[in-house]
Number of protein chains: 2
Amino acid sequence: MFQPNEKFMRLAIEKAREGIKAGQTPFGACIVKDDKVICTEHNVVWDTTDITAHGEVNAIRVACKKMDAIDLTGCQIYSTCEPCPMCFSAIHWAKIDTIIFGASIQDASDAGFNELYINNQQMKEIGKSPLTIIPNFMQDECIELFSEWGSQLDKKAY
Amino acid sequence: MFQPNEKFMRLAIEKAREGIKAGQTPFGACIVKDDKVICTEHNVVWDTTDITAHGEVNAIRVACKKMDAIDLTGCQIYSTCEPCPMCFSAIHWAKIDTIIFGASIQDASDAGFNELYINNQQMKEIGKSPLTIIPNFMQDECIELFSEWGSQLDKKAY
């Protein structure tokens, strides 16, 4: 059975932290294949004036370019926060095998972020997606990112 | 009450047709504000090697750039097909007011496209989205796009 690796989630966390310092919202994602990192990206919504540029969508776009493929079969994605339904669906379309996430959508909502209240398990069940979901991995460290972001004086929510 | 305008759906249909001719899948979308077209785009997944580049996501990105804003409040989106959950959520995040779609997810599935089986009404209700949804507008003309695409000898599904 697949065992998530702390090393890759730590990369996602560090990337989210880079994003916070760069004025972005606190979300990072790392795409891995055969224990090798394909890419690690953070949310760039403000940076690129693109409301769809969440961390996971951004990582998928970069991975598609790097692998010159729209099919990311055999990859896993580590995300500091449970993917929103947009990101979950993008992960499904990319045929990524497994989502490993830290904080939950509820944690993000509790920290003041706007959310669509559909969790990944619901998306999987209703949508009939084969994706494997590993929730709450290094959850406390991932939740901590929200307060790091919250303590920035120049933070911009959306 | 908002009344959808055939003119804008026709632009989306024509754009989907351009996409078919350019080797893309048969999906088009038109974003409108105050009865003026912001942009009309088609799916560019193959063209850009980006699995997230569905017609609606692509149109939202272009509209964000054109309006230099991540908030598209006051806009409507006309889509030849019911947005998938990724696109529905992107439309929600962009704060677009209204989705007007032609063919349904079920119609697309019947035509052989892979789908996540969550329709827009479910996304709205479970996710608690304020989006207004106008389904089945010019549905027959939009479904016709699937057979136009299907008759291309060099069509590429994904």
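This is a predicted model: local features need pLDDT of at least 70, side-chain atom pairs count only at pLDDT 80 or more; totals for chains, interfaces and linings use all residues.
1. On the chain A side, the contact uses P85(A), M86(A), S89(A), A90(A) and W93(A) of helix 4. They meet P85(B), M86(B), S89(B), A90(B) and W93(B) in helix 4 of chain B. By class, this contact has 8 nonpolar and 2 polar residues. It has no charged residues.

2. **Helix 3 beside helix 4 in chain B.** Helix 4 of chain B also packs within its own chain. The axes of helix 3 and helix 4 of chain B come within 8 Å and cross at roughly 25 degrees. That makes helix 3 of chain B roughly parallel to helix 4 of chain B. Here, too, the crossing is left-handed. Helix 3 of chain B contributes E56(B), V57(B) and I60(B) to the contact. Helix 4 of chain B contributes M86(B), C87(B), A90(B) and I91(B). The residues divide into 6 nonpolar, no polar and 1 charged. Note that M86(B) and A90(B) are also listed in the contact with helix 4 of chain A.

3. **Helix 1 beside helix 7 in chain A.** How are helix 1 and helix 7 of chain A set against each other? Helix 1 spans residues 6-21 and helix 7 spans residues 139-150. They pack at an angle of about 5 degrees, with their axes 10 Å apart. The two helices are therefore roughly parallel to each other. From helix 1 come M9(A), R10(A), I13(A), A16(A), R17(A) and I20(A). They meet E141(A), C142(A), L145(A), E148(A) and W149(A) in helix 7 of chain A. This contact has 7 nonpolar, no polar and 4 charged residues.

4. **The largest pocket.** Its volume is about 580 Å³. Of the 34 residues that line the largest pocket, H54(A), N114(A), E115(A), Y158(A) and W93(B) are the closest to its centre. Both chains supply elements to the lining. Strand 1 (28-33), helix 3 (55-67) and strand 3 (75-81) of chain A each give two or more residues, as does helix 4 of chain B. Helix 4 of chain B gives the most, with 3 residues. By class, the lining has 17 nonpolar, 10 polar and 7 charged residues.

5. **The second largest pocket.** This one has a volume of about 240 Å³. It is lined by 14 residues. Nearest its centre lie H92(A), W93(A), K95(A), P130(A) and N114(B). The lining has 7 nonpolar, 4 polar and 3 charged residues.

6. **The largest cavity.** There are 2 cavities of 30 Å³ or more. About 270 Å³ of space lies in the largest cavity. Its lining has 19 residues, and F27(B), H54(B), N114(B), E115(B) and Y158(B) lie nearest the centre. Helix 3 (55-67) and strand 3 (75-81) of chain B are the elements that give two or more residues to this lining. Strand 3 of chain B gives the most, with 3 residues. The classes are 8 nonpolar, 8 polar and 3 charged residues.

7. **The second largest cavity.** Its volume is about 40 Å³. The lining consists of I20(A), G23(A), Q24(A), W149(A), Q152(A), D154(A), K155(A) and K156(A). By class, that is 2 nonpolar, 3 polar and 3 charged residues.

8. **Two backbone angles to check.** Most residues other than glycine have a negative phi. Which residues of chain B have a positive phi although they are not glycines? One is T49(B), with a phi of about 50 degrees. T49(B) lies in the loop between helix 2 (45-48) and helix 3 of chain B. Another is M138(B), at about 55 degrees. M138(B) is in the loop between strand 5 (132-134) and helix 7 (139-150) of chain B.

Conventions:
Residues are numbered from 1 along each chain as its sequence is written. Chains are lettered from A and ligands numbered from 1 in the order in which they are written. Side-chain values use heavy atoms; hydrogens and water are left out. Contact means heavy atoms within 4.5 Å. Helices (H or I, at least four residues) and strands (E, at least two) are DSSP runs, numbered from the N terminus. Ala, Val, Leu, Ile, Met, Phe, Trp, Tyr, Cys and Pro count as nonpolar, Asp, Glu, Lys and Arg as charged, and the others, Gly among them, as polar. On a 1 Å grid over the protein atoms alone, a cavity is a set of points where a 1.4 Å probe fits but cannot get out, and a pocket is an open set with protein on both sides within 12 Å along at least five of seven lines; lining residues have an atom within 4 Å of a point. Grid points are joined across faces, edges and corners, and a volume is the space filled by probe spheres set on the points. Axes are lines fitted to C-alpha atoms, for helices over the stretch in contact, and angles run from 0 to 180 degrees between N-to-C directions. Angles under 35 degrees count as roughly parallel, over 145 as roughly antiparallel, 65 to 115 as roughly perpendicular and the rest as oblique. A crossing is left-handed if the near helix is turned anticlockwise from the far one by less than a right angle, and right-handed if clockwise.
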